[in-house]
Amino acid sequence: MNIKVGDIVEYKGEIVRILRIIDGEFTLSGIGTVRCDHSDIKLITSVKPPKLTNGDLVRIHDIPESEKDFYGVSWISDMDEYVNRVLKVYDFSPSQEVGDSVYIHGWQFQTYHLEPINDYDII
C-alpha cells in the first residue's frame, strides 16, 4: 500500500489523517505517534497535495484541532490568523516524512490543506 502524509486512514477502528511518517512511526491526528507497519493501516482517502512553487498564491483551509495537536511541522496558535486568507508561498520544501510544506509569513504549513489560487490579470 502506498500511503503518504495527508492521507485519511483507518487505524484500530479510528478514521484519522497521517501527519508524519518517520522510520516506521506514524503520527496520526487525534492519536499521536504510533509504531506500526503499513498492514495495520487501511487507506480510506488518498489526498493529492497541490504542486506549489515559490510565489504561488494559496488559500489556507482550516483543519480540525485533532490535526493541529499533532501537525507534522508543529501548529502554533498564531498560525490561526492565516486561515482562510490568500497568501504567497515562500520556500517550498518537499519531504517524505512530513509531506510537502511551504513557508508563509515565516510559518511552515503542510500543503495538504492549501488550495492554489490562480492569479491572472484579465483584461
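Biologist: Which residue in β4 is the bridge partner of L28?

Modeller: That's G32. Before we go on, this is a predicted model, where local features need pLDDT of at least 70, side-chain atom pairs count only at pLDDT 80 or more, and totals for chains, interfaces and linings use all residues. Residues are numbered from 1 along each chain as its sequence is written, and side-chain values use heavy atoms, with hydrogens and water left out.

Biologist: How do I read the strands, and how many bridges join β3 to β4?

Modeller: Strands (E, at least two residues) and helices (H or I, at least four) are DSSP runs, numbered from the N terminus. Two strands pair if DSSP finds at least two bridges between them. Here β3 and β4 (residues 32–35) run antiparallel and are joined by four bridges. They form a hairpin with three residues between them, and G30 in that turn has a positive phi of about 75 degrees.

Biologist: And what about β2 and β3?

Modeller: β2 (residues 14–22) pairs with β3 (residues 25–28) in the antiparallel sense, again over four bridges. I22 stands opposite E25 in β3. This hairpin has two residues between its strands, and D23 in the turn has a positive phi of about 45 degrees.

Biologist: How is a pair of aromatic rings described?

Modeller: By the distance of the centres and the angle of the planes. Rings of Phe, Tyr and Trp (its six-membered ring) pair if their centres lie within 6.5 Å; planes under 30 degrees apart are stacked, over 60 edge-to-face, and the rest tilted. That rule gives two aromatic pairs here. Y71 and W75 have ring centres 5.1 Å apart and planes at 85 degrees, so they are edge-to-face.

Biologist: Are Y71 and W75 buried or exposed?

Modeller: Both are buried, where buried means under 20% relative accessible area, exposed over 50%, and partly exposed in between (1.4 Å probe, protein chains only).

Biologist: Why is the pair of W75 and F109 edge-to-face?

Modeller: Because their planes are at 80 degrees, with the ring centres 5.7 Å apart. W75 lies in the loop between α1 (65–68) and β7 (86–88) and F109 in strand β10 (residues 107–110), so this pair ties together parts 34 residues apart in sequence. F109 is buried, too. Ring pairs link Y71, W75 and F109 into a cluster.
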